[in-house]
Each structure stands twice: as structure tokens, then as C-alpha cells.
Amino acid sequence: MAKGIQNTKGSIDATLLIGGTLKEISLDGKGRVSGGQTRLIYTGVTYYFDNQTFTITEKNIDLTGAVLRDEKNNPATIVGGLYHNRFKKFGVNTTIEGNNVIGLQTTIQDNPDYYGYAIGKLRAKFTGSFENVDMVIDATTNSGTQLSIPVGNSSAKAQNNVIRFEKRNVLTDSTKYIANKILKGIDLEMNLTLTPEANISIIFDADKGDVISGVGRGNMQIFIKRTGAFDIFGDYQIENGKYLFTVAQLPVAKPFEVIRGGTIRWTGDPVNATMDIQAVYKSRTSLRPFVVEYLGLASSQLSSQANQRQDVDVILKLGGTLYNPAVTFNLAFPNLVGDLATLADSKLRLLQNNELELNSQVFGLIMFNNFLPSNRVSDVLGTGGIQSMGINTLSEFLSSQLSLYITNLINLALVENGLLAGVDFEIGLRNNIGVAANLGNNNIWPDEIEFRLKNRFKFLDERVTLNMGGNYIFENQGLTYNQMLPDFSLELVLTENKKLKARVYGRQELIVQNTISPKVGIGLTYRTEFGSITDFEETLKKTIKDSILQK
């Protein structure tokens, strides 16, 4: 098995009864392995075995009952062993099983198509001669699994107010790499069940942190033949995740939240996996530049409402394949009502028929947190305005990097705590001068500071999440406020499959004439797939009943 394993060590003490003729020697005995270890080249995992017994005959070395351990001392049991013909023509017929065993520990240098750390329920079967081993691995991921899929052939570039994805050269012919460098002599089949305990990352640009990262569910089959063929089949559905969107040559790093239900589908060729993923960037800005052409005959109340900051969602739709992504954008106004909502929807329908203009507005929101009233930034902003927007963009880039740094520090400090499973910290610095206003305020001090602290608690199987934060507004549209607007939300997952959730929230919002408006709410959310309304009702009733019985 020299082409499938490496770093094999250990010693054997055995007591043998030898009989028969020199040509037909018979063996019967027992032995013990001490200080043993071996590393599976493709999975990158080293297994250790010490003080384990075996039996031996002229045909078999039976290891049944022996225990292997990974580097974290997690056990796996062996059934079967090696076969031979008087120590010639060796082969293997062995099954290894464990409930929480490391099954993958590789880097991008080991495998440029996917790599990472996987731990979970494992069943690995090895059969065949040492020259041609067949390896079948069935695995279900557990907590701690981190898998990465590096794309590396696309980047976002800003040009003429439009964000595009441009193709780079493909990294390597990874199939040829694996066939020539790793897997000669081995046929590998991996059947993976991916659970929400596993974190999957799609890496566009590792240096900038341009990564889609999330958790979800899926089933994958990976086939790697000794002939060099490499195929992946299966679907992966994202339950939740994040995407840090970056733009080449500009200090921009915007956090998008991946919308639940996005999919990645493999149908053979690993580099042509298809994507259907949506992510949203949440912004708050004035709608006046967006609907200004509709405000000529509008009432003073509607015109004043258009000046106030509203929630605006930038929706990124990621399609195509992993190595040739197709990116489109859309806008949504989740909390807008009344006449202003009608005006915004009318303008959006026009933009949806004009991709250039729609992307220009997306550019304005992502880059400057403002709508653009024309396609030419320099005409709108002037020199002073460009400087002001530059300060705003740089502030958001610095705040996003600071958020990542503080999050890592907090989680590192809480590794051994018994209460919190994880903490996400976000801080945002904003300049609230509108694009059209062009007030020339180039003060580097931000007009608004926003912070968020998201905690996941260990009790109740990490089903409780508490979000706390707020906004401190110094100025808005040239008016001095010096006002703190706190908010919170508490979310409880009611079922093990995480489909039924309860949420309580409260927040304060700044509205017209320097008035603070409090909002509180409570609600239930349920997500499932169904074939008819009747199926949905029955499934929902059963879910609620089961949840009540569990309590």
C-alpha cells in the first residue's frame, strides 16, 4: 500500500506456532502492535494504534476488535484485516468505524479543488490487493468541520459605476494533479452527508477575505479513479451564511448575508458545479436621489419622508459555475409602505429593464451608501463630494476589518467558557451627508457609529441567539442629533431541524423632525418544502405538536 499511505511506523511482538513443510508452511499465532501509526495520503489524516492485539495464520492477519485513534484520541474500531499467501500477495479487507473521527485534514497544497478539516461519523472500507486498493468512505459531518472550495479565477472590478466579474486564468488542471501526484493505485469513493454542524467556504480571494461562508445540508459523492478520472455529484443547500464582498483596487469590504435556500450542485465535473445563491447587503439611506423625478408634485409630507433614511436591501444573485460565476443585482425595500413605496417600486421596475442604470445604483449603495441621481459620479459629487464619499468608503473598509479582528479576539478569549458558543462583533462608521446635498463636509470623524454583538449560547444545543447593538448618531443630513438608538433581538430555535423559530425584537428609529419612534414585535417563522397547502398545514401542525411534546 506504499502509494496510498506514508509515515507507517510501529513494532510487533508475536508468538507463532509454525508447522507444515517448507513449501506449505502453516502459521497460527497471536501478536500485539505497539507505537503504531500510519497516514492516509489523500485524506491527510494520521491514525495511531498502540497495545492492540491481532491473530495470524498463513492466510490472514485478523485485526478485528483493534482500536485506531486519531490525533485527538477519538477511537475507531477495526473489523477484518489483511490477507496474504504466506506473506506474499498481500491484500486488505478491512472496515473502520467511529462515531466522531477525523476523516479529512488537508490544505490547498494537498488538493486544490477542496480541502479542510472534517470530523464526524465515519465508516471506511478498504478492499483489494495492495497494488489496487478500493477505498469507500461514508461520513456524516459533526461540529468542527471546516471545508473550503477555492475558486480563485474571478474578481469584482468597479468601472464606469458598474460592478462586473471578470474571469482569470484557471488555477490548475486539478484532475491531472490528483491522478499524477496522489492517487496512483487507489480507487476512492466518498459518500458525504453534510450537516449544519459543518461550515463550507467558497473562496474567491483569500487575501481580501472575499469568501462565501455558511452552513447547510447536502449529500455529495466524490469518485477518484486510479485512471485519473475525478467526479463529484450532489447538492448542497445553504441554511445561513455570510459573504464579504470586495472590489479590486478599492478599499471596499461589504458584509452580505447569504439568503437561506441557495444551492450548489455538482453533476460530475468538479470545476463546473452550478450555483444558485442569493445574498443581501442591508443599507439605510435617503430615497430622494432614487425617486427625485417623482417628487415634483408630491406633498410636503411625502417629500420629507423621502429625505429620511430607509432600509434598502442590495440583493446579489450568484449563478453560473464555480469557475465562471454569473452575477446580477436587484434592490428591495423591506419596510417601506405607503406612497413612497409605490414610487420606489415604480422606479425599480424601470431599472430592472436597464441593467446599466440598476448596477449604477448598486454601485452607489455599495461604495458610498447612497443612491446616485445620475450616471456620472463626478458631475453629481464635485471634488468636495468625492472626498467626502472617499472618507465614507475608507471608514467602512476599516470598520469591517476592525470587526473581523475584534470578533476573532472575543472568540479566542471565550474558547474555554461554558456559556457562549460563539460571538460576532460588528462596528460601522458612516458619513450621512447625502450624495445630492454635496455639503462639502470632509471631516474624517463619522456622523454615525453603529455596533452589533451577536451571541450564540451553548445551552439548549445552541438554539438561543441574542443580538444587541445600536446606532449613535452625531449628525444626519446636516442636522445635529447626538442621539443613541438601541436595538435588540432574541431568537429561539424551537425544533431540532431548525425550521421553526420564535423571535422577539425591539428598536428605536429616527423619523422626521428629530422624533424617535420605538418599535417592538414578536413572531414565529417556519420554513419547509411542500407539495400543496394541505401538506404544508399538516407538516406545520406536526412540527408544533412535536416541539410541545419535547418541552
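The paragraphs that follow treat the cavities and then the salt bridges.

The structure is a predicted model, in which local features need pLDDT of at least 70 and side-chain atom pairs count only at pLDDT 80 or more, while totals for chains, interfaces and linings use all residues. Residues are numbered from 1 along each chain as its sequence is written, and side-chain values use heavy atoms, with hydrogens and water left out.

A cavity is here a set of points, on a 1 Å grid over the protein atoms alone, where a 1.4 Å probe fits but cannot get out; its lining residues have an atom within 4 Å of a point. Grid points are joined across faces, edges and corners, and the volume is the space filled by probe spheres set on the points. The model contains 6 cavities of 30 Å³ or more.

The largest cavity holds about 340 Å³ of space. Its lining comprises 29 residues, with L104, Y114, L147, L192 and I222 lying nearest the centre. Strands (DSSP runs of E, at least two residues, numbered from the N terminus) contribute to this lining: among those that supply at least two residues each are strand 8 (91-106), strand 9 (115-129) and strand 17 (230-246). Strand 9 provides the largest share, 5 residues. By class, the lining has 23 nonpolar, 4 polar and 2 charged residues, where Ala, Val, Leu, Ile, Met, Phe, Trp, Tyr, Cys and Pro count as nonpolar, Asp, Glu, Lys and Arg as charged, and the others, Gly among them, as polar.

Side chains of opposite charge can pair when their charged atoms come close. With a salt bridge defined as a side-chain nitrogen of Lys or Arg within 4 Å of a carboxyl oxygen of Asp or Glu, the whole structure has 8. In one of these, R123 meets E97 at 4.0 Å, N to O. This pair joins distant parts of the chain, R123 in strand 9 and E97 in strand 8, 26 residues apart.

R284 lies in strand 20 and D311 in strand 21, 27 residues away.

Methods:
On a 1 Å grid over the protein atoms alone, a cavity is a set of points where a 1.4 Å probe fits but cannot get out, and a pocket is an open set with protein on both sides within 12 Å along at least five of seven lines; lining residues have an atom within 4 Å of a point. Helices (H or I, at least four residues) and strands (E, at least two) are DSSP runs, numbered from the N terminus.
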